[in-house]
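Open the model in a viewer and keep the sequence panel beside it. The stops below can be selected one after another.

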Amino acid sequence: MRIKRSVMASYLIVLLIPILIASLIGIMIIRTNRDVQVRDYVTNTFLIQKYTDKLEDPKWYYGGQDYSSIIDGEDDELVDIRLQNYEGRLIYDSNQKSVNFSINSSRENLLKGLYERRYAANSDSIKLPVIQGEQIIGIYTITIHRVEFINQINEIILSGTTVFLITLLLLFAFANRFTEKRINQPIQQLIFAINEFAQDRLVQVPVTYDDEIGEVIRNFQNMQRDIQEKRDQLKIEQAEREYMVMAISHDLKTPLTAIRTNTELMQVTGRLDEAKAQVVLDKCDYMKQMLEDLLDYNILQSDSSIQLVRVDGREAMETILYGYQELIEANGLKGFMEIKMLGEYDMDVAQMERVMGNLIINGIKYSKTGGNLYVGAYSEEFALPDTLSDAVRDKHLERRGKLTLVVQNTAERLSDDELKKITTPFYKVDQSRNLEQSGAGLGLSIVVLIVEKHGGTVEFYSEEECLTVVIELDRRA
């Protein structure tokens, strides 16, 4: 239950409790009155008749009598008697210790309500005349108090008040516990977690209830997780930058040393040496390519580096792979290319050309002389090539809505550790950094970045005498 609904419900309960208890008290009073009404009426009738017989005696209305004997001792708390003479002057009132005989009632008031029995909640009374001959000599009023009924009513009211107070106390205790458990404790835990997180310490706050505070805690923990992920990512990026600086420094130092050495030798001899000049040019081209790869790598890390457009799949792949068959064969390898595609695809053709170019060039560099280099592109309607091992094919059985690109070359088997690091920027499998064979070490890193920008995946498989790269792209981005 939401806190807002709980608070509104508590307000409603507090408002309804007095009404409910008052209604219950009223119902109990009505039921009690109904239960004792007939009994009281009959009992009071006999009691009225008892004093009516006594008060019919004319002597009581001429004064000079011992009025204290009118009411029996056993009826002192039940019966009140009031006597008036024919002029309306008060003769006796059991409620008053002394009677002021100067008090007179008007003739109209004196005769008002004669013979009318008034049965009320707290009393039963009747007003009757005393007639002597044809003249009213006096009027008496007998009032019988419903003491037992009133005591029961008082008990009901007391019980109702007690229940009301106990209910309020229980409600207060419940509200206090509810506030402590559902509001105060979670907020204190959240404050503690915030203070700890400010000190770079993670604290998990349990979400016990699905309410507003629970939602705040979940949002805080999501924010905490996102910030921590960003912190971890920054640490990784910092480590990568440090590694890149170290790698660039190392990779630039070697060709610069070669350039300086060959330049100094030509300067000492005083003549242009074609071989040394070619070395200088090769080193300059290498450094240029490394700097271009580094620039491209940084550009690809931005969100705006890929521009997807809808293209015909087969035409796009024919354009991307155009000319590589001759390049493969020119490097002493057997090249095999296969394009089996239907339909249209979302891709950045220029960037995908960079992907396939990097993979093919990488395959040429690291393939054994006279080895094979296989390149293929397959839509979901076509089976993957037989050159793939059963293990690789099994991992790519589900290809619905996928474009699968395959580059496979003859190469020595890599260790699991080397295979994991193969896409790390500036990592080189041979570790020798022999510029005759190795590049800057960013080619495969750029491949992974471009494919991920397309929403695809890249998998590397190193088997006996074979290195396979499998790329899967969604048909529609």
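Two strands count as paired if DSSP finds at least two bridges between them. With that in mind, select strand 1 (residues 79-85) and strand 5 (residues 135-145) in this predicted model: seven bridges pair the two strands in the antiparallel sense. Pick Leu-83, and opposite this residue stands Tyr-140 in strand 5.

In which order do the five strands lie? The order is 2-1-5-4-3, in an open sheet with antiparallel pairing. At the edges are strand 2 (90-93) and strand 3 (117-119); each has a single partner strand, so one side of each lacks a neighbour in the sheet.

**A hairpin**

Go next to strand 11 (residues 457-463) and strand 12 (residues 466-474). The two run antiparallel and are joined by seven bridges. Select Glu-463: the bridge partner of this residue is Cys-466 in strand 12. Strands 11 and 12 make a hairpin, with two residues between them. In the turn, click on Glu-465, where phi is positive, at about 60°.

**A helix pair**

Two packed helices are described by the angle between their axes and the distance between the axes. Select helix 5 (residues 274-300) together with helix 11 (residues 443-453). Their axes come within 10 Å and cross at roughly 25°. Angles under 35 degrees count as roughly parallel, and helix 5 and helix 11 are therefore roughly parallel to each other. The crossing of these two helices is left-handed.

Show the side chains where they touch. Which residues of helix 5 meet helix 11? They are Asp-293, Asp-296, Tyr-297 and Leu-300. On the helix 11 side, the contact is made by Ser-445, Ile-446, Leu-449, Ile-450 and Lys-453. The residues of this contact comprise five nonpolar, one polar and three charged.

**Confidence**

Finally, colour the model by pLDDT. The protein averages 82, and 92% of the residues score at least 70. Then select residues 431-437, where the pLDDT is below 50. Beyond near neighbours in sequence, this stretch has 11 contacts in the model.

Technical notes: Residues numbered from 1 in each chain as written. Predicted model: local features only at pLDDT ≥ 70, side-chain atom pairs only at ≥ 80, totals over all residues. Heavy atoms only, no water. Axes fitted to C-alpha atoms, helices over the stretch in contact; angles between N-to-C directions. Helix = DSSP H or I, 4+ residues; strand = E, 2+ residues; numbered from the N terminus. Parallel < 35°, antiparallel > 145°, perpendicular 65-115°, else oblique. Left-handed = near helix turned anticlockwise from the far one by under 90°. Contact = heavy atoms within 4.5 Å. Nonpolar A, V, L, I, M, F, W, Y, C, P; charged D, E, K, R; others polar. pLDDT = per-residue confidence, 0-100.
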